[in-house]
Amino acid sequence: MSEHSTYTPGSGIEKWLDERLPIIRFSKEHLMDFPTPKNLNYWWTFGAILVMCLLVQIVTGVILAMHYTPNIAMAFDSVEHIRRDVNGGRIIQATHAVGASMFFAAVYIHIFRGMYFGSYKAPREILWILGVLIFLLMMATAFMGYVLPWGQMSGWAATVITNIFAAIPVIGTPLLELLRGGFSVGNPTLNRFFSLHYLLPFVIAAVVALHIWALHVPGNNNPTGVDVKDSRDTLPFHPYYTMKDLFGMVLFMIPFAWFIFFAPDILGHPDNYIQFDSQVTPAHIVPEWYFLPFYAILRAIDFNLLFIDSKLLGVIFFGGSILILFLLPWLDTSKVRSGNFRPMFRWFYWLFVINFVALTYLGAQPADGIYVLLSKICTAYYFIHFIVILPVLGRIETPRPLPTSISESVLSKSHA
Amino acid sequence: MFNTKTILATVAILAGLAGMPAAQAAEEAPHIEKQSWSFAGIFGTYDQNQLQRGFQVFREVCSSCHSARLISFRNLAEEGGPGFSEEQVKALAAEYDIADSTADGGTRKGVAADRWPSPFATEQDARDANGGALPPDFSVLAKARGVHDAFPFWIFNYFTGYSEGGPDYIHALLNGYHEEVPESAPHNADGTPFELPEGKYYNDYFPGHAIGMAPPLQDGQISYEVAEGEAAVPLTVDQYSKDVAAFMMWMAEPGLVSRKQTGFAVLLFLVLFAGLMYGTKRKIWAGIEH
């Protein structure tokens, strides 16, 4: 969707620039005039909210790195130094820590919005795949960032998570030692995690640029899932969506600020205020909440299958639970995008959401008793949703009649 | 603007968010009575008198075994803290000898910029003097402990901003000693009665119940100075433990008061700003069917 620009260089300088680097033309086309479906709801503001989250993390992170010391003897105290002695450090550190949780809250909403409205379907498969890639990079970045304060949960998370890689046949042990920079988690681990934690956000930013590029080729999906037919279906991005997104961002900042100023530690774990000690294992090693669903899947696999032992099988399920998202555009066989017009899918979608929330809960529970059984059931359902339900639904479901166009659906709604 | 689906989804997401650090729950931890703290809530602020009393308990009792390596004498005179004057802090610091290899004889008198001196030179010394157990450093200890709420009560903590689990635990711990193993003690896995290892003390709230620290506080042990015209503070373990827990919270979170004050202004601004943004958005979208 290019060439919808109404840009004509106004002055001599603009004309000169336009012939060499048409950056003003590009901005006008993509940030202002870009035709956007007129019926996007507030769930669509999370794209802009996520860009804000990334920027907040990068800006606060760069400042924190100016005062942080990546050394196992000094890291813990240097974070306290930031909180106690650096001007504004208390707020900047809290924003960065809370920001990670808010970033994931927003990305989960964004992902589940895409799943409900079928935003991964043709021609938006690449857009979706890039999004899953961003999600993976976010997980890696957040995990490494959580290690940096060098508290008990930091160190033990690093130990447990790097250990996962040891289950991979042949390359497992060398890979484990490469990740840790030694046989156990120590100073080299902290140093390489710090280095990568600083690098990866810029990789994320680059993939985000591709993600937005891939969005601007087919244009936005919308709540009806019906393609844009003509200009009556769309509005220019500016001022309509710049304004709506800005409002969404300000609204999002309210719970964000609530946590920063009134409960900055509630999303973390008290044990992380104890400096890491490799000789003392905490009673419960629990990852940050945003990893819990996948952690539950990892732990649910406690049995061997043929020649695959439980540890490797757990890793396969753990990896598979994220990698399967890459295949979602082809697993869902329905031609209809929006869940609003898929009576059966809607039920299964909400069941999937509930199942995902249940996995989150189970990931935080001790791995014994009823929780193990429930984890297995929820893990099985997670995969059944993708491998069985979605492919079958597309074949047996009778979708409700689709509106002929976005503008028609908008008009019928406002008269209803 | 918001239909049933939206509300359903929001509830599901909130439930998901809340589901997160259900984390801890686990073993049936003993119920810890929540105390009413002056620094709880949106308008929470430290009670200066309480912090001064807590400091007295810390100095006269706790600090003979526990270090507080991140605390400087100067912090005691900073805003939002116990509110000692700079002269008082200078005089206090001068009472301590600080190890300094550049000084004559290796020690010198303390100044306000010095860190709180540790009672033991090394971790090994600390263990040797305490039957092998290491008395934890106090600097952030109040944030390194917490209270486990049963489902669904922890969900409300996100909305009340409950962050006083540490002081609640410390208060409970200091009041949770028994002279002898009580009837309520859990039995071992094989059914034999609970046996206290030598040199340990029974505590209701300490994980595993066998704590290395002897009951540190007794009624009447510390005499608080009563300023003229003020009511006398009870000289009880309950009162001492509340005061020292409050002081420990201040050590862990010395900027709490200014943080909450800023937060109130920020939230007020955001809510008003969001209102204005919504009005602007409505104006721009007026007349557009969407």
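Predicted model: local features only at pLDDT ≥ 70, side-chain atom pairs only at ≥ 80, totals over all residues.

Biologist: How many residues of chain A are in contact with chain B?

Modeller: There are 47 residues of chain A in contact with 47 residues of chain B.

Biologist: Which elements of chain A give two or more residues to that side?

Modeller: They are α4 (75-84), α5 (89-116), α10 (237-262), α14 (343-363) and α16 (406-415) of chain A. The largest share comes from α10(A), with 14 residues.

Biologist: Turning to packing, at what angle do α14(A) and α15 of chain A pack?

Modeller: The angle between α14(A) and α15 (residues 370-396) is about 150°, and their axes are 10 Å apart. An angle over 145 degrees counts as roughly antiparallel, so α14(A) and α15(A) are roughly antiparallel to each other. The crossing of α14(A) past α15(A) is left-handed.

Biologist: Which residues make the contact?

Modeller: From α14(A), they include A:F345, A:F348, A:F352 and A:N355. From α15(A), A:L374, A:C378, A:Y381 and A:H385 are among them. The residues of this contact comprise 14 nonpolar, 3 polar and no charged.

Biologist: Now chain B: what domains is it divided into?

Modeller: Chain B has domain 1 (33-71 + 115-254) and domain 2 (257-290). Their C-alpha centres lie 42 Å apart.

Note on methods
Residues numbered from 1 in each chain as written. Chains lettered and ligands numbered in written order. Contact = placed C-beta atoms within 7 Å. Helix = DSSP H or I, 4+ residues; strand = E, 2+ residues; numbered from the N terminus. Axes fitted to C-alpha atoms, helices over the stretch in contact; angles between N-to-C directions. Parallel < 35°, antiparallel > 145°, perpendicular 65-115°, else oblique. Left-handed = near helix turned anticlockwise from the far one by under 90°. Nonpolar A, V, L, I, M, F, W, Y, C, P; charged D, E, K, R; others polar. Domains from an automatic or database assignment.
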